[in-house]
Amino acid sequence: MIKSKKSKVGDLVVAFFCFLLILVCLLPMLNVLSRSLSASEALIKNKVWLWPVGLNLDAYKLVLNDTKYTWSLVWTAILTVIGTCLSLFMTTICAYPLTYDKLKGRRIINTIIIFTMYFSAGTIPMYLLLKELDFLNRPVVLVVPYCLSVFNMIIMRSFFYGIPESLRESAELDGAGPVRVLVSIYLPMSTPVIATLALFYAVGRWNGFSDSLMFMKKREYYVIQHLLYLIINSMSNIEVTTQEGFSPPGLSETLKSATVMFATVPILFVYPWLQRYFITGATLGAIKE
Amino acid sequence: MKTVALAGSPGRGKKFIAYIKRYWTLYLLLLLPLTYFIIFKYIPMQYIQIAFKKYSIVKSVWEMPWAANNGLEYFIKAFSNKDFINALRNTIMLNFLDLIFGFPAPIILALLLNELPFPRYKRVTQTVAYMPHFLSWVIIAGLARQLFAPTSGLVNNFLTKIGLDTIPFLNEPKWWVVTYVFLGIWQSVGWNTIIYLAAITAINPELYEAAEMDGAGRFRKMWHITLPGIRTTIVTLLILSLGRILGSEFDRPFALMNHMVNDVANVISIFVYKYGIQALQFSLATAVGLFQSVVCVIFLFMANALAKRFGERGVW
């Protein structure tokens with residue numbers, strides 16, 4: 001089809017708007033990156049726009065020397081790995097049995113689970129439960145209480161529904177039990193949904209901070225976002241500056257930018273690689289029962 | 001095994017045994033998730049009673065004495081608490097603004113992306129547009145604070161340079177609301193296009209061809225084919241957001257707020273955190289949380305019923 005002149009102009013207008021969108025998404029990141037790489041004097045004089053001025057890595061060195069901050073990064077990474085594995089396991093063993101039409105009691109189990117999506121007891125009852133369980137201020141509180149998301153379970157179940165039932169039936173005729181079918185047929189075919197949910201859970205843990213804020217009082221167990229919140233709001237300093245007893249003007253600003261970069265970069269490096277997976281995953285969530 | 005005995009005829013019993021033999025592992029798999037839901041979603045519900053009772057640290061929930069005014073004391077207290085009324089107002093206001101500005105945004109962007117003829121460029125745009133979704137609100141608040149800082153921020157520097165006054169984006173209540181809504185759109189608009197774009201791909205391409213034959217231009221095709229094609233998706237998502245009109249996020253307002261804008265940033269979830277977890281007024285905070293949960297469910301039901309009345313599918 002030959003495009004008319006008018007529609008070509010239209011295409012360019014559309015392309016221009018998309019370019020604006022890219023700018024609006026990227027400029028803030030670029031600005032913070034430049035600030036983190038700039039000399040603190042340049043920052044004070046408002047010279048830093050989208051390019052580092054007086055390029056140096058001092059802020060990064062200082063942040064890396066701050067044991068509290070680096071430990072928090074490592075700690076959150078550990079929690080993220082453990083939490084993601086646990087969540088994927090729980091999600092799988094929850095979603096898989098529910099795909100069996102013949103499963104007796106499936107409807108009622110389904111209702112029990114879905115109900116929690118629409119009505120929750122609330123923050124304080126959760127807090128009191130965790131107190132009762134003696135979970136408060138222990139690392140377990142950052143992993144277990146929110147380890148299974150109904151929404152993600154539905155995504156996985158929708159994906160499982162898409163696997164032809166004939167595969168399962170023929171395996172069952174060969175004498176394979178349900179668990180065997182899950183491990184040798186379903187899971188190998190489920191890379192897209194597993195990758196998607198791993199990303200969702202991992203990002204959730206890496207980015208979450210309200211559980212740490214509400215249920216964790218021990219500083220050494222604060223997750224990175226919680227610590228970052230305190231740093232950004234100047235409720236906590238990067239150790240080094242205070243220890244050395246001086247803080248050149250503007251340094252705290254470059255430091256804040258550097259801490260933001262440290263907490264952001266891991267995710268920015270991961271998500272583009274999983275894009276083709278999570279698009280399918282995010283779409284599956286919309287399919288309803 | 002009792003059920004087998006009760007099941008009556010031996011044939012049915014045998015069938016049941018065969019069924020259990022074959023599928024018991026499925027129940028075994030479900031055991032752990034169900035335990036999770038019972039412990040972390042259902043057992044907390046017993047603490048809802050605290051909303052109607054006088055909290056006591058030494059007694060179990062079941063033994064605590066009922067609160068005054070037929071147990072409604074804490075609800076009365078909540079509604080005569082200025083802070084709560086303020087939180088209620090802010091919650092509705094911010095969610096309403098999110099709905100008006102944030103809801104159409106991804107639809108418009110999806111239509112725009114759908115019109116983009118360069119596939120490579122389209123992919124790049126999408127990847128970049130998804131990025132903010134993966135940033136935490138603490139990080140976004142960090143970015144925003146640097147970007148919108150009154151004297152040193154990029155945006156205000158720019159405004160000064162072109163001869164305009166600086167704008168207190170995060171420090172003045174009215175502007176804070178604008179920034180809050182804008183950042184919400186910034187964070188979610190790209191991600192939310194995914195679902196609309198998927199719906200658009202499901203539209204039969206022959207419809208477009210036929211429309212072109214009839215001489216329909218870009219906007220007519222959008223209006224008469226694309227939009228009706230994704231109507232179901234729009235309605236479903238609209239129902240869900242209407243159901244959330246009294247729901248409140250915690251991370252977003254909490255990360256973005258500061259003491260200068262408490263008046264507009266204080267939403268219900270923050271109220272619950274301040275009064276419950278910080279000030280340990282469990283009964284009051286639970287009452288407020290319960291009020292919020294119940295209203296959310298009612299709103300969701302109403303939105304769903306409304307959609308069905310207009311001939312849409314609804315969410316269940």
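The model is predicted: local features need pLDDT of at least 70, side-chain atom pairs count only at pLDDT 80 or more, and totals for chains, interfaces and linings use all residues. Residues are numbered from 1 along each chain as its sequence is written, while chains are lettered from A and ligands numbered from 1 in the order in which they are written. Chain B has 16 helices and zero strands, and 66 of its residues are in contact with 70 residues of chain A.

**Chain B as a whole**

- Chain B is more spread out than a compact globule, because its radius of gyration of 26 Å is well over the 20 Å that the globule rule gives for 316 residues; the radius is taken over C-alpha atoms, and the rule is 2.2 Å times the number of residues to the power 0.38.
- Its C-alpha trace spans about 80 × 55 × 35 Å along the principal axes.
- Of the 316 residues in chain B, 36% are buried (20 or more other C-beta atoms within 10 Å of the residue's own; exposed means 12 or fewer, partly exposed in between, with C-beta atoms placed from the backbone).
- Among contacts in chain B with a separation of 6 or more, 63% join residues 24 or more positions apart; two residues are in contact if their C-beta atoms, placed from the backbone, lie within 7 Å.

**Domains**

- Chain A is assigned domain 1 (1–56) and domain 2 (58–284), with bounds that come from an automatic or database domain assignment.
- The C-alpha centres of these two domains of chain A are 31 Å apart, and their contact takes 10 residues from domain 1 and 12 residues from domain 2.
- On the domain 1 side of that contact in chain A, helix H1 (5–37) and helix H2 (40–44) each supply at least two residues.
- Chain B is split into domain 1 (2–52) and domain 2 (73–309), with 40 Å between their C-alpha centres.
- In chain B, four residues of domain 1 are in contact with six residues of domain 2.

**Where the chains meet**

- Helix H2 (residues 10–42) of chain B gives the largest share of the side that touches chain A, 12 residues.
- That side of chain B divides into 48 nonpolar, 13 polar and five charged residues (Ala, Val, Leu, Ile, Met, Phe, Trp, Tyr, Cys and Pro count as nonpolar, Asp, Glu, Lys and Arg as charged, and the others, Gly among them, as polar).
- Helix H14 (residues 251–270) of chain A packs with helix H7 (residues 137–147) of chain B at an angle of about 145 degrees, their axes 10 Å apart; axes are lines fitted to C-alpha atoms, for helices over the stretch in contact, and angles run from 0 to 180 degrees between N-to-C directions.
- Here Lys256(A), Ser257(A), Val260(A), Ala263(A) and Thr264(A) meet Ile139(B), Gly142(B), Leu143(B) and Gln146(B).

**Local spots in chain B**

- Gly247(B) sits in the loop between helix H12 (231–243) and helix H13 (251–256) of chain B.
- Gly247(B) is partly exposed, because 18 other C-beta atoms lie within 10 Å.
- Gly247(B) and Gly289(B) are 42 residues apart in sequence and 9.8 Å apart in space, C-alpha to C-alpha.

Key: Helices (H or I, at least four residues) and strands (E, at least two) are DSSP runs, numbered from the N terminus.
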